[in-house]
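Welcome! Here is a short tour of a ligand site and some charged pairs, with the structure to follow along.

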Amino acid sequence: MELTPEMNEALEKASRIVAGSRHVVALVGAGMSAESGIPTYRGPGGLWTRIGEPDPRRYQNFAADPKGWWERTLERDSQAPESPDQAQFRQSMLDARPNPGHYALVELERMGKLKWIITQNVDNLHREAGTRNITEIHGNRMLLRCMRCNFRIPRVEFDIDPHNLPPRCPQCGGIIKGDGVMFGEPIPSDSLNKCVEQANLCDCMMVLGTSGTVYPAAGFPIHAMQRGARLIEVNPYPTPISDTVDVALRGPTGELLPRIVARVREMGKT
Ligand code: APR
């Protein structure tokens, strides 16, 4: 990627802010995984852009009849996906691997700079890349979760008995669902508490590949800024916070994050 002089200057400023910070937190959105082949939800080519937003009452429908929901889900999983777009999206999740942006954040964590990642992505790619300190605020597609006690377990380790639905939590007997947070579902309390703690601790928040349209995640950068934290945005397109961040880097995370981390590493040597 050829950088303009303005972009180089912005990269230098962003690197200086990160290098001079003591508690960096990253707020990550679907754009981070675009270079891993997973379509975003909004913006050009986004999944919701193509097929429309999902039913906002999805969680209410589940809570009203979890047994029926599980019966339909197990039935559906044994059949062809609902639509070509859904099929393509699901396959892209299965095929996706971390990209240089994910690995750049792993290195920033190992350098002791990046203290936490709050990701809205359910694709598990940060963990696969090696990130340790992370909250998946919208859940993780590979996990199941108890609605009552937030017990989580990998899907592959949990035998679902199709004759005894909905599946029950081995810890407290609560109803087990996919860990992915459905539209209309409250964010699990343990996840939300951790995100708020990190938004309160950070002196720099990197806002990476998110349209900043879904709350409460979209509120964390604003809250951090109001506390005096510096904001760095990496996104090829403008977002609602672009005019308020300290540095807005107009480009892909997979290209720009490795450059920032390389400069921060050099600055750390001087
Ligand atoms: N690098 C960085 N950003 C990118 C890239 C890229 N290579 N490609 C696209 N983007 C940006 C887009 O410009 C857009 O601003 O990523 C953003 C993706 O926005 P959304 O698709 O809205 O994804 P996100 O912000 O994560 O959505 C939040 O909405 O539908 C729910 O639960 C879903 O977690 C998701 C939440």
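## The ligand and its surroundings

By class, the shell around the ligand holds nine nonpolar, ten polar and two charged residues (Ala, Val, Leu, Ile, Met, Phe, Trp, Tyr, Cys and Pro count as nonpolar, Asp, Glu, Lys and Arg as charged, and the others, Gly among them, as polar). This is a predicted model, where local features need pLDDT of at least 70, side-chain atom pairs count only at pLDDT 80 or more, and totals for chains, interfaces and linings use all residues. Residues are numbered from 1 along each chain as its sequence is written, and side-chain values use heavy atoms, leaving out hydrogens and water.

Of the 21 residues around the ligand (a heavy atom within 4 Å), Tyr41, Arg42, Trp48, Thr210 and Ser211 come nearest. An N or O atom in the side chain of threonine 210 is 2.7 Å from an oxygen atom of the ligand. For glycine 209, a backbone N or O atom lies 3.3 Å from a ligand oxygen atom.

Now to the charged pairs. Searching the whole structure finds 18 salt bridges (a side-chain nitrogen of Lys or Arg within 4 Å of a carboxyl oxygen of Asp or Glu).

Are aspartate 179 and arginine 145 buried or exposed? Both are buried (under 20% relative accessible area, with exposed over 50% and partly exposed in between; 1.4 Å probe, protein chains only). Glutamate 136 is also buried, at 10%, while arginine 127 is partly exposed, at 38%.

Notes
Polar contact = N/O pair within 3.5 Å; in protein donor to acceptor, adjacent residues only side chain to side chain.
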